[in-house]
Amino acid sequence: MTYTAQLVTDERAFAGLAADWERLHRRCASATPFQSHAWLYSWWQSYGGRGRLRLVLVRHGGALVAAAPLMRVRRPLPALVPLGGAISDYGDVLLDDEHGEGALAALTGALAAAARAALIDLREVRPGGAAEQVYERWTGPRGRVNDSVCLELPAVPMGELIARLPSKTQQRLRAKLRRLDALGIQRHVVSPGEVETALLRLLELHRLQWQGRKVTSEHLRTRFREHLVRSVGPMVRSGNAVVTEFRLDDEVVAVDVTLLSPRLAGGYLYGAHPGLRDRKADVAAMLLDSTATHTKDGTPATLSLLRGNEPYKHHWRPRVVVNQRLLLAGRRTAPLLTAALYDAAARRRGKELLRRLRKPGGGPDRAPGGRTPCPG
């Protein structure tokens, strides 16, 4: 039985792939929640453009065994880039682990055909992602550069996370957790039917907590709200997300979205009432404690702090993991690859210079797409 490749450009066909896509997502061990159909199709509805959709699919006996969720862009260079954009912490392709070389060869061949007209620019690939297999098999011009920094912790209960730290830090964090207990803050994991109301409350609390401060503006836009509400509900039902409310005296004072996959759990976004600061509640510790409850059995294996190298994350002594940008070209598009590599190098030098010139302190919550540190 042969592997057949297909290019899908129609949004209605994308919608109809939900069941097949989710089966493939479950059969790709390296997949993150950002490759789920619920997340990607919702993102396309909010951020996609007419005529730009490019889904590269591979089937075997009718079963979907590989997929590259891409779209066409013209600026700054003609390229095929992953769906999910800046609000997604990881980009990748999907490969059915049981089909191995067959699915990989067919997907790589289909992408090579696509690369005759545009550079393939795979951003934010987590080390170990399926796209790395495509990169290793690629026979045409290619390039690899570092992308965003992610910080990761072992997926263990909160007590074990604290035990990894210096003794004085342990004492301080245990005191902060006791303070949260003394305040009487209760956790409530919301049901699928409660998700929309909880997410709208999250975004309102998020706006309040950053009022008068520099915030990621995308989180305040209608298109982001619609995407979050539309995607997270199905992800909660499929086990790819958990929404948690934190209540104090029967009032919701914080809401958190944690995304889940077989290999990692990551706090994506939260909103917290500014009054929690006045009560001396450590919101960051509260959120991490909550996320760690989803990793008690060691599955997933990684508790990700997602993108961003903010100082407060380093208090937990995380492992630094650098996402990769994988660039794939054909013979005719090799000049585009050269231009992209030069541009990436220039941007890197510019950021290094800016970092040296910038004074410490301040800054926005984070790049769009990750849980926001608690202000104050």
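Student: Is Asp249 buried or exposed in this predicted model?
Tutor: Asp249 is located in the loop that links strand S9 (241-248) to strand S10 (251-260). A residue counts as exposed when its relative accessible area is over 50%. The relative accessible area of Asp249 is 65%, so Asp249 is exposed.

Student: What is the phi of Asp249, which is not a glycine?
Tutor: The residue in question belongs to the loop between S9 and S10. Although Asp249 is not a glycine, its phi is positive, at about 55°.

Student: Where is Lys280, and is Lys280 buried or exposed?
Tutor: Lys280 is placed in the loop between helix H10 (275-278) and helix H11 (283-292). Its phi is positive, near 60°, in a residue other than glycine. With the cut-off for exposure at over 50%, the relative accessibility of 66% means that Lys280 counts as exposed.

Student: Which residue is joined to Pro76 by a cis peptide bond?
Tutor: Pro76 is found in the loop between strand S3 (63-73) and strand S4 (79-82). The bond has an omega of about 0° and is cis. The residue joined to Pro76 by this bond is Arg75.

Student: How does the reach of helix H9 relate to the expected value?
Tutor: Helix H9 covers residues 222-238 and has 17 residues. At 1.5 Å a residue, 24 Å is expected. From the first C-alpha to the last, H9 is close to that value, reaching 25 Å.

Student: Which elements cover the buried residues of H9?
Tutor: The buried residues of H9 include Phe224, Leu228, Val232 and Val236. An α-helix has 3.6 residues a turn, so residues three or four places apart point the same way. The cover over the buried residues of H9 includes helix H3 (37-47), helix H8 (195-209), S9, S10 and strand S11 (264-272).

Student: What is the arrangement of H3 and H9 relative to each other?
Tutor: Two packed helices are described by the angle between their axes and the distance between the axes. For H3 and H9 the angle is about 160° and the axes are 9 Å apart. Angles over 145 degrees count as roughly antiparallel. The two helices, H3 and H9, are therefore roughly antiparallel.

Student: What is the handedness of the crossing of H3 and H9, and which residues make the contact?
Tutor: The crossing of H3 and H9 is right-handed. On the H3 side, the contact involves residues including Trp39, Trp43 and Tyr47. On the H9 side, those taking part include Phe224, His227, Ser231 and Met235.

Student: Which residue makes a polar contact with the side chain of Glu124?
Tutor: Glu124 is in strand S6 (residues 119-125), and its relative accessible area of 9% means that Glu124 is buried. Leaving aside neighbours within four places in sequence, Glu124 is in contact with several residues, among them Asp89, Asp147, Arg307 and Asn323. The side chain of Glu124 makes a polar contact, at 2.6 Å, with the side chain of Ser148.

Student: How far apart in space are Leu336 and Arg319?
Tutor: Leu336 is part of helix H13 (residues 334-357), and at 18% relative accessibility Leu336 counts as buried. Residues up to four places away in sequence aside, Leu336 touches Leu77, Pro78 and Leu119. Leu336 and Arg319 are 17 residues apart in sequence, and their separation in space, C-alpha to C-alpha, is 34 Å.

Definitions and conventions. Residues are numbered from 1 along each chain as its sequence is written. This is a predicted model: local features need pLDDT of at least 70, side-chain atom pairs count only at pLDDT 80 or more; totals for chains, interfaces and linings use all residues. Side-chain values use heavy atoms; hydrogens and water are left out. Helices (H or I, at least four residues) and strands (E, at least two) are DSSP runs, numbered from the N terminus. Buried means under 20% relative accessible area, exposed over 50%, partly exposed in between (1.4 Å probe, protein chains only). A polar contact is a pair of N or O atoms within 3.5 Å; within protein, one must be able to donate a hydrogen and the other to accept it, and residues adjacent in sequence count only if both atoms are side-chain atoms. Contact means heavy atoms within 4.5 Å. The expected span of a helix is 1.5 Å times one less than its number of residues. Axes are lines fitted to C-alpha atoms, for helices over the stretch in contact, and angles run from 0 to 180 degrees between N-to-C directions. Angles under 35 degrees count as roughly parallel, over 145 as roughly antiparallel, 65 to 115 as roughly perpendicular and the rest as oblique. A crossing is left-handed if the near helix is turned anticlockwise from the far one by less than a right angle, and right-handed if clockwise.
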